[in-house]
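Biologist: I'm new to this one and would like to learn how to read it. Could you walk me through it?

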Amino acid sequence: METIRVGLVADPASPTAVARRMTGLTPPLAAEADGWIVELVGEPFTLGSEDVDVALERLRSHADQHGWDLVIGVTELPLRDDDGRYLLAAVHPRRRSAVLSLPALGGFRVQRRARHAVRGLVDGMAEPVSPEEQRLPLPRLSARGRVLLGMVLANRPWRLAAGLKSALVAALATGAVATIEPTVWSLALSLSPWRLVAATVASIAIIIAWIVIDGRLWDRPDDDSPAARERSRLYNTSTLLTLTVGIVICYLTLYVVNLAWALFVLDPAVMSEDLGRSVEFGDLFVLTWFVASAATVGGALGTGLESDEAIRAATYSKREEERRARLADERDAR
């Protein structure tokens, strides 16, 4: 049997990185083929999370242009069936094309799972059991949570600080000044635990709202269809969870730095004399807690985003807009 030419068409960024590591994919030992030649093309081929048939048709066009025997699309967008079920993959054996959704892999061990899935898709198309199109749905109970987790982890929220460098530096400066202010000492040590918790939650919520509004990250449905509304809900939930995780990481970083500063410059004996009450080292943790909340709001709102692109890269809705614009430009250029 002749060598099979397999084409991988991957969305830009993370999917392309995942697909690039599969260009050396080899067939199983039991395969009759002499081998697989895997070629990669990185470009946006998806229009929306529900356009599975459009994606398969575009993939087949790529295969015809490059002379591929089989073609598989790798996307970071969620795929949905006509009945609303989330899909791991869709396969059209007759067209010898398939599309794989990375978020459906759950976000953990994505490279390994994607490699296993692609190998299975190639095997299935090389020796199809049925010529009819096949959809591989996720279990109904865990599908949405699994896709959402995959989307959030694909956004890499821990890298959000790269887009908030100016805000984080301003917050650190604000916290450093507030830490040595006696009025702040008095206010912080007078607050009950539930007020400190409320201040933390409020400061994080304010920053998230500011980023969403300033970066215009809230996705709105294209129409009133249930599919469009569900798509927007999924994107917006992913955005909010991504921002929450990223901001919490920044908040904890701010807390640790301010705590180190407080332990270095503050003497509980001096604070006790100034406040007229006994102050222990444990109170410095409470003080830092309050300062971190105040500095998060005061420092971050006092400066602009370091890079809108760095923030928008953490949301699926903006990346999908970029895909649509690029595809529209390509169609206009033809």
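Modeller: We'll go feature by feature, taking the general idea and then the case here. Keep in mind that this is a predicted model.

Biologist: Let's begin with salt bridges. How many salt bridges does the structure hold?

Modeller: The idea is a side-chain nitrogen of Lys or Arg within 4 Å of a carboxyl oxygen of Asp or Glu. The structure holds nine of these salt bridges. One of them joins the side chains of R5 and E39, at 2.4 Å from N to O. That pair links distant parts of the chain, with R5 in strand β1 (residues 4-10) and E39 in strand β2 (residues 36-42), 34 residues apart.

Biologist: Which residue forms a salt bridge with D53?

Modeller: That's R135, and the closest N and O atoms are 2.9 Å apart. Here again distant parts of the chain are linked: R135 belongs to strand β7 (residues 134-137) and D53 to helix α2 (residues 52-66), 82 residues apart. D53 has 41% relative accessibility, so D53 counts as partly exposed.

Biologist: Where do R140 and D83 sit?

Modeller: Their side chains meet in a salt bridge as well, at 3.8 Å from N to O. R140 is in helix α4, while D83 is in the loop between β4 (79-80) and β5 (86-92), 57 residues away in the chain. R140 counts as exposed, because its relative accessibility is 58% and the cut-off for exposed is over 50%.

Biologist: Now helix α4. Why does its length make sense?

Modeller: You compare the expected span with the distance between the ends. Helix α4 (residues 140-154) has 15 residues, so at 1.5 Å a residue it should span 21 Å; its end C-alpha atoms are 22 Å apart, which agrees. Its buried residues are A143, V147, L148, G150, M151 and V152.

Biologist: What happens just after α4?

Modeller: R156 takes a positive phi of about 50° there, although R156 is not a glycine. R156 is in the loop between α4 and α5 (165-179). With a relative accessible area of 36%, R156 is partly exposed. There's another case in R96, a non-glycine with a positive phi of about 55°, found in the loop between β5 and β6 (97-101).

Biologist: What about aromatic rings?

Modeller: A pair of them is described by the distance between the ring centres and the angle between the planes. In this structure the number of aromatic pairs is zero. A ring can still have a charge over its face, though: R80 lies over the face of Y86, at 5.1 Å from the ring centre.

Biologist: Which residues make the nonpolar surface patch?

Modeller: I180, W261, F264 and V265 make it, and the patch has an area of about 400 Å². W261 is in helix α8 (residues 226-265), and at 33% relative accessibility W261 counts as partly exposed.

Biologist: One last thing: how do I compare sequence and space?

Modeller: Take Q111 and M22, which are 89 residues apart in sequence but 8.8 Å apart in space, C-alpha to C-alpha. Q111 is in helix α3 (residues 110-126).

Key:
Residues are numbered from 1 along each chain as its sequence is written. This is a predicted model: local features need pLDDT of at least 70, side-chain atom pairs count only at pLDDT 80 or more; totals for chains, interfaces and linings use all residues. Side-chain values use heavy atoms; hydrogens and water are left out. Helices (H or I, at least four residues) and strands (E, at least two) are DSSP runs, numbered from the N terminus. The expected span of a helix is 1.5 Å times one less than its number of residues. Buried means under 20% relative accessible area, exposed over 50%, partly exposed in between (1.4 Å probe, protein chains only). Patches are made of residues with over 30% relative accessible area and no salt bridge: like charges are joined within 9 Å, nonpolar side chains (Val, Leu, Ile, Met, Phe, Trp, Tyr) within 5 Å. Accessible areas come from the Shrake-Rupley method with a 1.4 Å probe; for residues, only the protein chains shown count as cover. Rings of Phe, Tyr and Trp (its six-membered ring) pair if their centres lie within 6.5 Å; planes under 30 degrees apart count as stacked, over 60 as edge-to-face and the rest as tilted. A charge sits over a ring if NZ of Lys or CZ of Arg is within 6 Å of the ring centre and within 35 degrees of the ring normal.
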